[in-house]
Amino acid sequence: MSRSSTPGSPAGRPGAPAGHRAQSFDYAEGDDEVALDPALVTSPGHGAVGVFQAPRPVSRRTPPAEPTAVTAGENADIDSPFLDLFGGARPGAARAVTAGPATREQPAIPQQPPAAAPTPARPAPELEPPWTPDDRPTSARRPVEPRWADAHPGSESRVPHQAGDRLPPLHPANDPAPTAGGASASTAGPATRAPGTRPVERPPAPADRPAVDRAAAPAARTAPAARTAPAARPTLEGAPHRTAAPERPREAGKEVAAPRQRTASRQDRPVRPTRVRAPKIKFGDRDPSVELAITEIAGHLTFTPNTVTAWYWLPEVRWAFRPDAEREALLSAISEQYAGLAGFRLHLRRTTRPFPADEWARTIDAHTASPLPDVPGTAGWADHLVAAQRHLMAVNHAEGQTYLGVTFARRSLGDSLTERLLRTFGRGTADGERRKLGRTVEQFDEVLGAFGMRGRRVTAQELEWLLYRSVALCMAPPGTLSPVTDGRWERGDLLALTEQVERYRTPYGSTVKLVNRMTGEERHVAVLAVGRMEPLEIPERHEPWLHFHERLPWPMEISTRVDILGSGDSFRNLEHRLRMIRSQQLDYAEHGIDAPPELERLAKRALVIGDEMTTGLPVDSARAHGWHRIAVGGRTREECMERARRLIQLYSRELRISLQHPKNQDWLAREFIPGEPIANTGYVRRMPVPLLAAALPQAASNVGDRRGDLIGRTAGTCRRPVFLDLHFPMEVRERSGLAVFVAEPGGGKSTLLGALGYLAARRGVQVTLLDPSGPLARLCAMPELRPYSRVLNLTGSEHGTLAPYSLIPTPLRSEFGVGAAGDREFEIAVSNARAERRMLVQDICMMLVPPQVAREASTATLFRHAVRQVPAEETSTLDDVVSCLGRLDDDAGKELANLLLDTAEMPLAMLFFGRPPEGLLGADAALTVITMAGLRLPDLKIEREYWSAEEALALPMLHTAHRLAVRRCYGGSMSSRKLVGLDEAHFMEGWRSGRSFLVRLARDSRKWNLAALVASQNPRDILGLDVQNLVSTVFVGRIAEDAEIASEALRLLRVPVDDGYEATLASLSAADTSSANRLGFREFVMRDVDGRVQKVRVDVSYVDGLLDHLDTTPAAIAAAAGVLPSIPLPDLEA
Amino acid sequence: MRLRTDDDIYRARLVYLGPPGYTLPVHLPYAQYGLFILLVPLYMFIHWLFTFTVELFPAWEIALAIVTTSFIFRHVDPDRPARVVIRTALTDWRRTREPAVEQRDPRLVGSRIRIREELA
């Protein structure tokens, strides 16, 4: 992102692309310690890189000694996902894989610790990562944790440098382990965590270390664990001299360059005795500087010599997909608040903050108790997270922050003189003045805190941030100070950073150039002013006019300075204007010339407005006169101008607002800084406060939780990343885990289902996907999943696989509470399970007999009778029902038995008869895909009579397959995370057992921590089943064909119907007709568990190869047959 | 909700038609006359600086003031009052060519701002 080195700091060492790396190669053992100093990374922007890494691979990559082993030539072997982050050359995509699967000590399938009790696994599941420096050496305290248990000496030795874990370019370079081990971080799976490796991995001959190690490592890794503890001890004891206490408490922020220079010189000493002098940067001109107008920040107040301003933070409000009535209520509440501020000058300021990708990665890692063990040669969990973060940063998501400043007091001469005097003694504003102001500002809390803006007082830190962002307009913000501690800047640090920002202007130019002297960042900023505005219909047709700029993908800044005029002022202002118009009319009359008709029209309008002002509410009469500016930044002048052009175009086309690009850009840019004077008086806009309220710069469109996998971004009015953890509803919100996907064929349901399944499986969730048509089976061929996944093809399965009785599990007593109440619940559950079994068996029998027979009343009676005879236990079979029917004293019964036996002769129908094979669906595989390859699904629009025999069989097969997929989830622990994806759920409609299945799924999902994804082509299926109250997450894809289906989908989303949102559904994933390429993305409207609705563009391209494996187009499948490894189905089957 | 600005009222073109009983052939905004009246003494003063004489009928000055006024008002519109145009002209008048030199503005420095966490 930004250059990390301060100019001239590494004495005489040219900053090669891998500058950090170059240092450690010929270092003595103790020295790379210093080179790794976390202080090096405190330059602004560095923390924002936010490279996070799960702790496991790190420990692998830090063997303590052999720093001398690596030569520069081997540099290319260092393989880390981080190397290319800072533009360094990544040594090829192919990783040097040595640790084969044979070295794996753990069972291939991870057992899942219960998600509800992650405490043993991760002591602190909060955001704060557990690997703070102080934590690290204490790893012995939690010996249960496999991830930490190995806390090998290397990690001990790095104690003061945990920052390095997040700062990859430092880390792999200084740490030859990946080279030596020959395995990338990703390959450091469970094998490396297995104890016993360390001592052996330290070969005596460092020169040919790679070769030795490659040979030694596998052997070492398979060494018995018993050797571990004693063997590791010596290294542990060897390490302490490097964990020297004095280095640890260093203040990271205070030593930006010093240690690095020290190490450089130390390294130089033996080679060259003369010291190379650091190049001195010369500034030709006198480098003037001007103090800002603000002299003091006290709490949420800022003082300039003449005025006092109170600042408030406006939280984001949801705008998209809300009913218009709600939006209007919001706007009128906000305009009332503005009207309540009549008489004051406001400064509305919106700035942005880059999305904290590192924070998210830490969160998701903390919530992932046991990610899928890494497969050597593929991207591991850490690489997966890094890829996601890089994707996040590449797409440049920015979160808005809106500040409102109310300039409310003029300072008396005495006050400002007192301040001046007291400043010389270091005291600032007088206590008395502040006390007096403190009482005055309370009125603003009252006005702004109410519904509408819901503003809260800003803190001094936030004001500092705002000031810095305003001085360094559109520049990259300083990152967190340190990724290890809370990363906050100390008081005043951010303001001190403004010293580094230089401003250049070309005398008549249209941009201002800003240069950050510390990072070398250069920005060109163009400030646009809001010019003529045409009438807007804000909730109905148009977007809020200062939120609208977020459609464009780069962050922009907004500054609005307005005076709010109360009814008296605005009426006086208007009346003056009216008199001028009238006198002009009179003039025309006196001179006997026809007055232009516009004068009469304007006079009438002024009269109407004047009438509104005098008779209406304060909201109608208050006016906002002021200036609205948008700042656009770019890396070069051309980029900046291009962006400004696009913004101007967008505003004039969509909102009919003409944005002007005035001269005097340096003044305009200065106007963004709180407290600075207004640039000039051009482009003053005079508007009623409702129009100012409708600017709504704080509008946003967030959706999803911030702790799940990255699945894409919002695609409506602004771009925010969308994260989805399908277990969030159960674990946090205590809602059901039923998620519904609705789209037309080709809308991307299956792909999304597969992608979510993949991402969940990576996080160690036990995933079962039911995909009747079969393309998702190719997920199991992905190299990182292959050892942990299984395909079950029902069409080739054994007898009894789908035996209906055993599909419904019997509840266990242990699942219920102790005591009499628990007993009672248990009994109810058992009898419910029996009733459900009977219902299912009846439905299956009805589906198996021809529809003509099924329609007869006696058939249902006979089936019910027979099913009643058979005990409804898991051990019963359909054969029992047939024999029971045969024993009946009734011809019809015998006939039915024969009909069922006839069906049983078909190969597919044999699945229903007999007992299920043992261990059909063990709970072991992380990902199981159930397919029915080759099965022809019937068209539900055609009557059942006309279905072929095979199609008729598909119906009961689908029913039972759904049950089978869910059945697997009842096997393991209740609290462990499970996910079931069911495609083609619309076949469940119209059958009693189908509804009871979905209801049960939704109910059980919370109890069993089971995320159930149900995909269907028609929302009516879900609405018809009447389970929409249990649905927590909804994805609706493109629905263009049928308006009725679209309005039902909207009801599922709980979005107002007939408000024009149907068109939104039809326009989802709209292909560009002029392009011959396939559409590269899919869009959905998503409703999350908190009821937020947003248009989402699903993008999982950051996962290498996932889209190739999920591609369901015929050409891709054909190509995949050749390119992708084909799955030997019999092998994968149980 | 149909929302519109009040700007059109302020956009009304107010022109001077002439003294009562006599209509001028051209109708110019009042502001233009005002600017003209300011410019004539300015040019007279400049003239005086060179010659140390004051002419009875300042023909050149009037002609220059008319030209300058009309030139300035070519850039004036309701959103851009005359004083803004003049101010911009004095600092940044229009040019199509991007100039080669850039000049450094003073840095705006906030490091001397005093910060209190709490008010009072």
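Guide: The contact draws 55 residues from chain B and 95 residues from chain A. Please keep in mind that this is a predicted model. Between them, chain B and chain A bury about 7600 Å², and 52% of that area lies on carbon and sulfur atoms. On the chain B side, B:R104, B:R107 and B:L108 lose the most area to chain A, together 12% of what that side buries.

Charged and polar pairs come next. The rule finds nine salt bridges across the interface of chain B and chain A. For one salt bridge to look at, take A:R685 and B:D7, whose side chains meet at 2.6 Å, N to O. Across the interface of chain B and chain A there are also 36 residue pairs in polar contact, with both residues at pLDDT 80 or more. Which elements of chain B each supply at least two residues of the side that touches chain A? They are β1 (2–3), α1 (7–10), α4 (82–92), β4 (103–105), β5 (107–109) and β6 (114–116). Helix α4(B) gives the most to that side, with six residues.

To place those elements, step back to chain B as a whole. Chain B has four helices and six strands, and along the sequence they follow the pattern β-α-β-β-α-α-α-β-β-β. Of its 120 residues, 35% count as buried. Among the contacts in chain B with a separation of 6 or more, 32% are between residues 24 or more positions apart.

The buried residues of α2(B) are B:Q32, B:L35, B:L39, B:V40 and B:Y43. They cover an arc of only 145° around the axis, so they sit on the same side of α2(B). On the face of α2(B) turned away from its buried side you will find the exposed residues B:I37 and B:L38. After α2(B) comes B:F52, whose phi is positive, near 60°.

In one of them, the side chains of A:D431 and A:R434 meet at 2.6 Å, N to O. Both residues lie in helix α18 (residues 431–448) of chain A, three residues apart, about one turn of the helix. A:D431 counts as partly exposed because its relative accessibility is 41%, whereas A:R434, at 3%, counts as buried.

Another salt bridge joins A:E873 and A:R834, at 2.7 Å, N to O. A:E873 lies in the loop between α32 (857–869) and α33 (878–887) of chain A and A:R834 in helix α30 (residues 819–848) of chain A, so this pair ties together parts that are 39 residues apart in sequence. A:E873 is partly exposed, with a relative accessible area of 27%, and A:R834 is partly exposed too, with 31%. Elsewhere, salt bridges that share partners join A:R707, A:D709, A:D725, A:E731, A:R763 and A:R977 into one network.

Conventions. Residues are numbered from 1 along each chain as its sequence is written. Chains are lettered from A and ligands numbered from 1 in the order in which they are written. This is a predicted model: local features need pLDDT of at least 70, side-chain atom pairs count only at pLDDT 80 or more; totals for chains, interfaces and linings use all residues. Side-chain values use heavy atoms; hydrogens and water are left out. Buried means under 20% relative accessible area, exposed over 50%, partly exposed in between (1.4 Å probe, protein chains only). The arc is that of the directions from the helix axis to the C-beta atoms. Contact means heavy atoms within 4.5 Å. Buried area is the accessible area (1.4 Å probe) that two parts lose on being put together, summed over both. A salt bridge is a side-chain nitrogen of Lys or Arg within 4 Å of a carboxyl oxygen of Asp or Glu. A polar contact is a pair of N or O atoms within 3.5 Å; within protein, one must be able to donate a hydrogen and the other to accept it, and residues adjacent in sequence count only if both atoms are side-chain atoms.
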